[in-house]
Amino acid sequence: MHFTLRTHVAAAPAQVWAGFTRELFLALAPPFPPFHLVRFDGCRRGDEVHIELGAGPFRQPWTSLITDHGVLPDGTYFFVDEGQILPTPLRFWRHRHLMQPAPGGGAYIVEDLEYRTGLRALDLLMRPVMWAQFAWRRPIYRRWFGMPSAR
């Protein structure tokens with residue numbers, strides 16, 4: 001299953017890239033499921049992020065590896081995290097983070113997400129939940145990186 005979400009912010013792509021810190025990662029965590037950050041190396045190729053989802057006996061590990069990062073010729077900054085250890089029912093996870101220059105200033109933060117469970121019906125059932133988890137980030141991004149000016 002694949003979807004993208006775009007959020008326009010006031011900060012330039014380089015500023016947004018520099019702002020992808022441990023503190024922002026924690027601020028972006030949705031209220032459910034319970035979330036515990038175990039390790040956050042950063043957003044450069046080879047870095048790892050380890051989290052635990054759930055609580056008590058229902059706690060599940062999630063480890064992602066940053067497999068790529070850089071700047072494209074058009075000024076878009078990016079990094080890609082890919083799931084190495086995933087919570088049930090996920091079997092595949094690739095999340096591309098793009099910080100694209102926006103016409104008139106600022107940046108578009110693009111969440112380009114691909115996931116699979118192994119069952120197409122379950123992928124479809126999970127889509128609204130996944131979308132909501134990432135739509136949750138939009139106002140947080142705007143608090144951190146500013147609201148774009150209306151033109």
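**View 1. T63 counts as buried at 10% relative accessibility.** Here buried stands for under 20% relative accessible area, exposed for over 50% and partly exposed for values in between, with a 1.4 Å probe and protein chains only. The model is a predicted one, in which local features need pLDDT of at least 70 and side-chain atom pairs count only at pLDDT 80 or more, whereas totals for chains, interfaces and linings use all residues. Residues are numbered from 1 along each chain as its sequence is written, and side-chain values use heavy atoms, with hydrogens and water left out. T63 belongs to strand β4, residues 60–71; helices (H or I, at least four residues) and strands (E, at least two) are DSSP runs, numbered from the N terminus. Not counting residues up to four places away in sequence, T63 touches E48, V49 and H50 as well as E82, G83, Q84 and I85, where contact means heavy atoms within 4.5 Å.

**View 2. G70 is a further residue of strand β4.** With a relative accessibility of 18%, G70 counts as buried. Its contacts, leaving aside neighbours within four places in sequence, are with T76, Y77 and F78. Between the C-alpha atoms of G70 and R44, which are 26 residues apart along the chain, the separation is 8.2 Å.

**View 3. G42 lies in the loop between β2 (35–40) and β3 (48–53).** This glycine has 11% relative accessibility and therefore counts as buried. Leaving aside neighbours within four places in sequence, G42 is in contact with D47, V49 and I66. A separation of 7.8 Å is found between the C-alpha atoms of G42 and F20, which are 22 residues apart along the chain.

**View 4. The largest nonpolar core has 34 residues.** Such a core is a set of buried Ala, Val, Leu, Ile, Met, Phe, Trp, Tyr and Cys residues joined through side-chain atoms within 4.5 Å. The residues with the most contacts inside the largest core are V16, F20, L90, W93, Y115, Y141 and F145. Of these, Y115 touches M1, F3, L90, F92, W93, D123, M126, R127 and M130, not counting residues up to four places away in sequence. Apart from this core lies another, of 6 residues, among them F78, L98, Y108 and V110. In soluble globular proteins, nonpolar side chains tend to be buried together.

**View 5. F20 and Y141 form a tilted aromatic pair.** Rings of Phe, Tyr and Trp (its six-membered ring) pair if their centres lie within 6.5 Å, and planes under 30 degrees apart count as stacked, over 60 as edge-to-face and the rest as tilted; by this rule the count comes to 10 aromatic pairs. For F20 and Y141 the distance is 6.0 Å centre to centre, with 50 degrees between the planes. The pair links distant parts of the chain, 121 residues apart, with F20 in the loop between α1 (13–18) and α2 (22–28) and Y141 in helix α4. Both F20 and Y141 are buried. Ring pairs join W17, F20, Y77, F79, Y141 and F145 into a cluster.

**View 6. I109, in strand β7 (residues 107–116), has a relative accessibility of 2% and counts as buried.** Leaving aside neighbours within four places in sequence, I109 is in contact with L5, R6, T7, V9, V16, F20, L98, Y141 and F145. The C-alpha atoms of I109 and P13, 96 residues apart along the chain, are separated by 8.3 Å.

**View 7. Helices α3 (residues 120–135) and α4 (residues 137–145) pack at an angle of about 15 degrees, with their axes 5 Å apart.** Axes are lines fitted to C-alpha atoms, for helices over the stretch in contact, and angles run from 0 to 180 degrees between N-to-C directions. The helices α3 and α4 are therefore roughly parallel to each other, given that angles under 35 degrees count as roughly parallel, over 145 as roughly antiparallel, 65 to 115 as roughly perpendicular and the rest as oblique. W131, Q133, F134 and A135 of α3 make the contact with R137, R138 and P139 of α4.

**View 8. Cis peptide bonds join F32 to P33 and T88 to P89.** For F32 and P33, omega is about 0 degrees, and P33 lies in the loop between α2 and β2. For T88 and P89, omega is about 10 degrees, and P89 is placed in the loop between β5 (77–85) and β6 (92–101).
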